[in-house]
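Here are some notes to read alongside the model. Keep the sequence and the 3D view open as you go.

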Amino acid sequence: MSILRIEHPVLDYGAWKDAFDSDPVGRESSGVRRYQVLRAIDDPNYVLIDLEFDTPDQAEALLASMRAVWDRVAATIVTNPAARIVETVETKEY
């Protein structure tokens, strides 16, 4: 399982969430199996998104699409986006 972790400040969470929900890159058709949106407790205008894929190639392709989206909305919805593709190496529930 590959996870694309994206994080960035947003200027207005509601406006960002509307844009996210409009799904401009077609998450499901791009291979996203599941996603999770998180907000920083100390800064509700800072979001983190985890998108899970079967393969790193799918994650890379979606990241390339997201970079094009970020170029279009720079400084209007998001600022300074950062992304990293990671893999789960251990999970344990208590």
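Which strands do the buried residues of α2 pack against? Keep that in mind while reading the points below. Remember too that this is a predicted model.

1. **The length of α2.** The helix α2 runs over residues 56–73. It has 18 residues, and at 1.5 Å a residue these should span 26 Å. The end C-alpha atoms of α2 are 25 Å apart, which agrees.

2. **The buried side of α2.** Seen from the helix, Ala-59, Leu-62, Leu-63, Met-66, Val-69, Trp-70 and Val-73 are buried. They cover an arc of only 120 degrees around the axis, so they sit on the same side of α2. An α-helix has 3.6 residues a turn, so residues three or four places apart point the same way.

3. **The answer to the opening question.** The buried residues of α2 pack against β1 (2–9), β3 (43–53) and β4. Strand β4 covers residues 82–87.

4. **After the helix.** What follows α2? Ala-75 does, and its phi is positive, near 65 degrees. Ala-75 is not a glycine. This residue is found in the loop between α2 and β4. Ala-75 is exposed, because its relative accessible area is 57%, and exposed means over 50%.

5. **The largest pocket.** Its volume is about 300 Å³. The lining has 19 residues, and the closest to the pocket's centre are Trp-16, Phe-20, Pro-24, Met-66 and Val-69. Look back at two of these names: Met-66 and Val-69 are among the buried residues of α2.

6. **Who builds the lining.** Which elements give two or more residues to the lining of the largest pocket? They are β1, α1 (13–21), β3 and α2. The most comes from α2, with six residues.

7. How do the residues of the lining divide, and how many are nonpolar? The lining of the largest pocket has 15 nonpolar residues, two polar and two charged.

Definitions and conventions:
Residues numbered from 1 in each chain as written. Predicted model: local features only at pLDDT ≥ 70, side-chain atom pairs only at ≥ 80, totals over all residues. Heavy atoms only, no water. Helix = DSSP H or I, 4+ residues; strand = E, 2+ residues; numbered from the N terminus. Buried < 20%, exposed > 50% of the residue type's maximum accessible area, 1.4 Å probe, protein only. Expected span 1.5 Å × (residues − 1). Arc of directions from axis to C-beta. Contact = heavy atoms within 4.5 Å. 1 Å grid on protein atoms, 1.4 Å probe; cavity = no way out; pocket = protein on both sides within 12 Å on 5 of 7 lines; lining within 4 Å. Points joined across faces, edges and corners; volume = space filled by probe spheres on them. Nonpolar A, V, L, I, M, F, W, Y, C, P; charged D, E, K, R; others polar.
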